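Me: Hey, could you walk me through this one? I'm new to it.
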Amino acid sequence: MVIKVFIASSSGSTAIKKQQQDIMGFLTVNKIDFEECDIVTSEDNRKWMREHVPEDFRPTTGVPLPPQIFNEEHYCGNYEAFFDAREEHAVYAFLGLTAPPGSKEAEALTRREQQ
C-alpha cells in the first residue's frame, strides 16, 4: 500500500505550505513510506485528486485543496482529519496501516481491546 500525499509545490498560501510540511515531516520521521503527488506540475495528479475526494468531503464552494491524503485509491482525509488523528494517536488507523509494536497507537489499541 502506498500513501499518497497530494500537495501544491508552489502554493501562495503559507497555511497550505505548513500543512503539507507537517504531514510529510510526520510521515518521514515515523518512517511511513509515501509518495508526494504535486498537483501544480502534473495535470494528471490534479485531476485524479479532484475526482477521488468523496463528495461528502469537498468544500461547498470550489474544489478540494491540498494537502489531501490517500492510501492507494482509498481517501484518508485532508489536513484537519490528519491533525485530529495525530492528536488522538490514531494516525496509522487514519492511514489504513497497522501501527508498529510499541507505538502509542498500538498500546492504546491494545488497552481498548482488553476492556
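Reply: One term before we start: contact means heavy atoms within 4.5 Å. This is a predicted model, where local features need pLDDT of at least 70, side-chain atom pairs count only at pLDDT 80 or more, and totals for chains, interfaces and linings use all residues. Residues are numbered from 1 along each chain as its sequence is written, and side-chain values use heavy atoms, with hydrogens and water left out.

Me: OK, what does Q20 touch?
Reply: Not counting residues up to four places away in sequence, Q20 touches I7, A8, P66 and P67.

Me: And which helix is Q20 in?
Reply: Q20 is in helix α1. Helices here are DSSP runs of H or I with at least four residues, strands are runs of E with at least two, and both are numbered from the N terminus.

Me: Is Q20 buried or exposed?
Reply: Q20 counts as buried, because its relative accessibility is 5%. The cut-offs are under 20% relative accessible area for buried, over 50% for exposed and partly exposed in between, with a 1.4 Å probe and protein chains only.

Me: How do α1 and α3 cross?
Reply: The axes of α1 (residues 14–29) and α3 (residues 79–87) come within 11 Å and cross at roughly 45°. Axes are lines fitted to C-alpha atoms, for helices over the stretch in contact, and angles run from 0 to 180 degrees between N-to-C directions. The two helices, α1 and α3, are therefore oblique to each other. Under 35 degrees counts as roughly parallel, over 145 as roughly antiparallel, 65 to 115 as roughly perpendicular, and the rest as oblique.

Me: Which residues meet there, in α1 and α3?
Reply: From α1 you have Q19, D22, I23 and F26, and they meet Y79, E80, F82 and R86 of α3.

Me: Switching topic: how many disulfides?
Reply: The count is zero, where a disulfide is a pair of cysteine sulfur atoms within 2.5 Å.

Me: Last one: what's R46 in contact with?
Reply: Leaving aside neighbours within four places in sequence, R46 contacts I39 and V40. R46 lies in helix α2 (residues 43–52) and is partly exposed, with a relative accessible area of 22%. The C-alpha atoms of R46 and Y75 are separated by 15 Å, and these residues are 29 residues apart along the chain.
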